[in-house]
Amino acid sequence: MKTSIATVSIAGDLAEKFAAISAAGFDGVEIFENDFLAFDGSPRDVGRMAGDTGLTITLFQPFRDFEGLPEPQRNRAFDRAERKFDVMQELGTDLMLVCSSVSPVSLGGIDRAAMDFHELGERAARRGLRVGYEALAWGRHVNDHRDAWEIVRRTDHPSVGLVLDSFHTLARRIELGSIRSIPADKIFIVQLADAPLIEMDLLYWSRHFRNMPGEGDLPVRQFMQAVVATGYDGYLSLEIFNDQFRGGSAKAISVDGRRSLVWLMDQVRREEPALEMAIPPMPDRIGVAGVEFIEFAADRQDAGQLGSLLRMLGFVEAGRHVSKEVTLYRQGEINIVINTERQGFAHSSFVVHGTSAYAMGLKVEDAAATVARAEALGAEMFHQRVGPGELSIPAIRGVGGGLIYFLDARTDLAKVWDIEFTPVTSARSGNGVGLTRIDHVGQTMAQEEMPSWLLFYVSIFRTTKTPMVDIVDPAGLVRSQVIEGLDKRFRLTLNGAESHRTLAGHFIAETFGSGVQHLALATDDIFATAAKLQANGFEPLQISMNYYDDVEARFGLDPEVADRLRSANILYDRDDNGEFFQLYAPTFGEGFIIEFVERRGAYAGYGAPNAPFRIAAQKRLMRPKGMPKL
């Protein structure tokens with residue numbers, strides 16, 4: 001598999017782009033003309049820079065408004081093409097992309113266009129160059145790859161071929177089977193992009209909302225299956241126009257790009273096993289059976305406060321690490337670990353972020369296979385010295401630089417609590433409140449990071465993504481999207497903050513980065529849990545009484561049920577399949593959220609309609625802006 005990416009897809013100057021693209025493992029790079037024109041150097045300098053980083057220049061683009069022009073515009077178009085050929089020869093690339101004309105003076109007609117391309121092919125051949133024709137989705141006369149292919153077919157010149165772009169084909173919902181009949185040697189390059197499904201002008205959609213395959217909603221895999229069926233084995237090149245990417249990290253976007261292509265072709269190989277594809281071998285996506293533990297990094301003072309909170313919530317101190325200052329709290333299947341070590345990664349995380357949930361452990365089918373797949377997809381591995389009595393637990397870096405550990409039932413990893421922890425006698429005498437398991441974990445990040453982490457999770461794990469929803473904070477919007485295991489035993493909400501004034505944005509600002517902000521713990525009886533919590537001295541987040549009057553009317557609740565909700569500060573939601581109950585603790589630290597939930601029936605949501613009201617209640621408890629921490 002040969003991979004490439006267009007310079008327009010990432011931020012920075014050409015030197016920064018080449019370095020990031022090469023470091024991510026790409027083989028080639030498309031030179032977008034505006035990037036070249038802004039560069040203060042010769043085409044030969046650009047070619048040398050690309051070569052020095054190990055990159056092949058796969059394409060020079062775009063050449064616009066060429067075919068079907070009347071005179072004198074036609075003659076000027078060929079003069080322009082000759083100038084571009086001069087540049088290409090100095091750059092050291094042999095392929096130019098010609099996109100279908102949008103010129104208001106262009107004339108229609110497939111034969112007329114084929115005649116123009118035949119002459120262009122003759123001129124290119126004299127220089128040892130090639131031209132590829134692409135149908136823009138908004139082209140004046142040609143906006144369908146089937147018409148572009150017919151023009152190339154009638155041109156019948158070895159130096160003229162077709163450029164297939166997934167966005168242009170999928171945006172117009174063109175039938176994909178038509179690709180399978182195109183001869184592979186006439187496809188000169190394949191460009192790939194995904195996009196969210198949005199009804200808007202095609203040009204604006206393309207210029208501002210393209211993203212990596214797997215980050216959007218278009219059937220890019222099916223597109224590639226059709227391409228691979230032709231026998232094509234040339235470059236797969238990303239061409240992404242996205243406002244956020246242009247302002248993002250060139251390194252991070254490049255890594256995402258490479259990951260998206262590897263995952264895309266892994267999907268194609270599994271769907272079309274009979275087709276030959278040169279793709280790095282890797283295990284299939286990994287199933288996740290749930291969250292085994294959440295681990296906090298803290299100092300001793302905060303650890304004491306957090307431990308007191310957990311005991312009030314019905315957790316018991318179940319174990320202490322055999323060689324480290326690490327304590328295990330447990331209730332039901334929920335394991336909360338507090339790490340107060342003065343060295344190692346947990347301590348470094350505390351120094352940077354303060355008390356935070358810096359790690360989580362996932363129960364997977366095969367921990368070794370999980371790490372192998374993650375590494376093949378460009379995830380950053382994590383290794384730390386193993387101390388006395390410790391297991392070597394596989395781990396990778398996740399959101400905000402935190403850790404994701406993997407445990408399975410195939411090895412001694414399943415015995416981690418027995419091997420690494422000494423039981424505490426008091427664990428037998430807890431005052432549990434009925435919490436059973438972790439329902440979901442919420443990770444908060446800057447909004448522009450969300451596509452990257454969405455791709456990260458869905459490419460490594462056997463998960464699906466739900467549609468994005470807007471969460472209304474009194475100070476702005478927070479974008480939220482859910483990653484779910486196929487059996488719903490693993491649920492993860494990704495929350496993207498656009499403003500530091502929102503609760504999510506405050507958390508990022510005060511903890512110096514993205515991370516786990518929200519822990520939702522399940523119970524089978526929310527009212528019994530609320531009563532037991534109250535008996536332990538717990539004071540829930542106080543919800544406005546106005547909310548309950550509305551809920552009672554909106555859902556037609558019995559007054560008795562509404563009164564029970566009101567008296568316990570429990571939030572309520574309902575869909576066609578079931579009911580959902582939520583009870584919140586006041587925020588801990590700089591906005592960490594603990595929630596108790598009960599799902600009845602097959603309720604599939606996360607209480608999004610309630611978010612504005614609980615956020616307003618949570619923000620009432622935040623320290624005023626400018627007031628220092630005590």
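Student: By class, which residues make up the lining of the largest cavity?
Tutor: Keep in mind that this is a predicted model. The lining has seven nonpolar, five charged and two polar residues. The cavity itself has a volume of about 90 Å³. Of its 14 lining residues, those closest to the centre are E134, L136, R207, E239 and F241. As for elements, β3 (56-63) and β4 (95-99) each give two or more residues to that lining.

Student: How many cavities of 30 Å³ or more does the structure hold?
Tutor: Four.

Student: How does β3 run relative to β4, and how many bridges join them?
Tutor: They run parallel, joined by two bridges. Take F60 as an example: its bridge partner in β4 is M96.

Student: Now a helix. Which residues of α1 are buried?
Tutor: In α1 (residues 14-23) they are L14, K17, F18, A20 and I21. These buried residues pack against β1 (2-6), β2 (28-32), α2 (33-38), α3 (43-52) and α11 (250-271).

Student: What caps the N-terminal end of α1?
Tutor: D13 does, with a side-chain oxygen 3.2 Å from the backbone nitrogen of A15. Just after the helix, G25 takes a positive phi of about 100°.

Key. Residues numbered from 1 in each chain as written. Predicted model: local features only at pLDDT ≥ 70, side-chain atom pairs only at ≥ 80, totals over all residues. Heavy atoms only, no water. 1 Å grid on protein atoms, 1.4 Å probe; cavity = no way out; pocket = protein on both sides within 12 Å on 5 of 7 lines; lining within 4 Å. Points joined across faces, edges and corners; volume = space filled by probe spheres on them. Helix = DSSP H or I, 4+ residues; strand = E, 2+ residues; numbered from the N terminus. Nonpolar A, V, L, I, M, F, W, Y, C, P; charged D, E, K, R; others polar. Buried < 20%, exposed > 50% of the residue type's maximum accessible area, 1.4 Å probe, protein only. Contact = heavy atoms within 4.5 Å. Polar contact = N/O pair within 3.5 Å; in protein donor to acceptor, adjacent residues only side chain to side chain. Pairing = 2+ DSSP bridges.
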